[in-house]
Amino acid sequence: MRTLIYDYSKLLGRIVEIVGTQSRFAELLGRSERTVSLKLNNKISWTQAEMLETSKILKFDKSEIPLYFFAQIVLLTICDGIVKVGLIYTLRYDPHSFHFG
């Protein structure tokens, strides 16, 4: 069985760098702290509109959205749920050919 989760560590670093706290970021995004926390912890998904708004708030080009939202952590597990191998993959993309929004 393969479980896919996203690595938001780069996004978290940018939040701290640009707005200071996750709480302030949630306020600027127009979401509750709880909702942002759930999104950053892979419990609920980000919408395209939220990704675009995040790029504006955190001052990065929308062509960089994959770097912040689509870095993947893939955990390979055996049937009883025990983690057998943990592999980290990051998205490779050409910013000149990526289009968003």
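This is a predicted model: local features need pLDDT of at least 70, side-chain atom pairs count only at pLDDT 80 or more; totals for chains, interfaces and linings use all residues.
Me: Why is the pair Arg 24 and Glu 27 called a salt bridge?
Reply: A salt bridge requires a side-chain nitrogen of Lys or Arg within 4 Å of a carboxyl oxygen of Asp or Glu.

Me: How are Arg 24 and Glu 27 placed relative to one another in helix 2?
Reply: They are three residues apart in helix 2 (residues 22-29), and are therefore separated by about one helical turn. Helices here are DSSP runs (H or I, at least four residues), numbered from the N terminus.

Me: What makes Glu 27 exposed, and what makes Arg 24 partly exposed?
Reply: A residue is buried under 20% relative accessible area, exposed over 50%, and partly exposed in between (1.4 Å probe, protein chains only). Glu 27 has a value of 56%, so it is exposed. Arg 24 has a value of 35%, so it is partly exposed.

Me: What makes Lys 39 and Glu 50 a salt bridge?
Reply: Their closest N and O atoms are 2.8 Å apart, so the pair meets the distance rule. Lys 39 lies in helix 3 and Glu 50 in helix 4, so this pair ties together parts that are eleven residues apart in sequence. Both residues are buried. Salt bridges with shared partners join Arg 31, Lys 39 and Glu 50 into one network.

Me: How do you know that the buried residues of helix 4 are on the same side?
Reply: The buried residues in helix 4 are Glu 50, Met 51, Thr 54, Ser 55 and Ile 57. They cover an arc of only 160° around the axis, which puts them on the same side of helix 4; the arc is that of the directions from the helix axis to the C-beta atoms. On the other side, Gln 48, Ala 49 and Lys 56 are exposed. The cover over the buried residues includes helix 1 (9-18), helix 2, helix 3 and helix 5 (65-69).

Me: Why is Ser 55 called buried, and which residues is Ser 55 in contact with?
Reply: Ser 55 has a relative accessible area of 6%, so it is buried. Leaving aside neighbours within four places in sequence, Ser 55 is in contact (heavy atoms within 4.5 Å) with Phe 60, Lys 62 and Ile 65. The C-alpha atoms of Ser 55 and Ile 65, ten residues apart along the chain, are separated by 7.1 Å.

Me: What makes the pair Ser 63 and Asp 61 a polar contact?
Reply: A polar contact is a pair of N or O atoms within 3.5 Å; within protein, one must be able to donate a hydrogen and the other to accept it, and residues adjacent in sequence count only if both atoms are side-chain atoms. The side chains of Ser 63 and Asp 61 make such a contact at 2.7 Å, so the distance meets the limit. Ser 63 lies in the loop between helix 4 and helix 5 and, at 17% relative accessibility, counts as buried.

Me: Why is Lys 59 called exposed, and where does Lys 59 lie?
Reply: Lys 59 has a relative accessible area of 63%, so it is exposed. Lys 59 lies in the loop between helix 4 and helix 5, and takes a positive phi of about 55° although it is not a glycine.

Notes. Residues are numbered from 1 along each chain as its sequence is written. Side-chain values use heavy atoms; hydrogens and water are left out. Helices (H or I, at least four residues) and strands (E, at least two) are DSSP runs, numbered from the N terminus.
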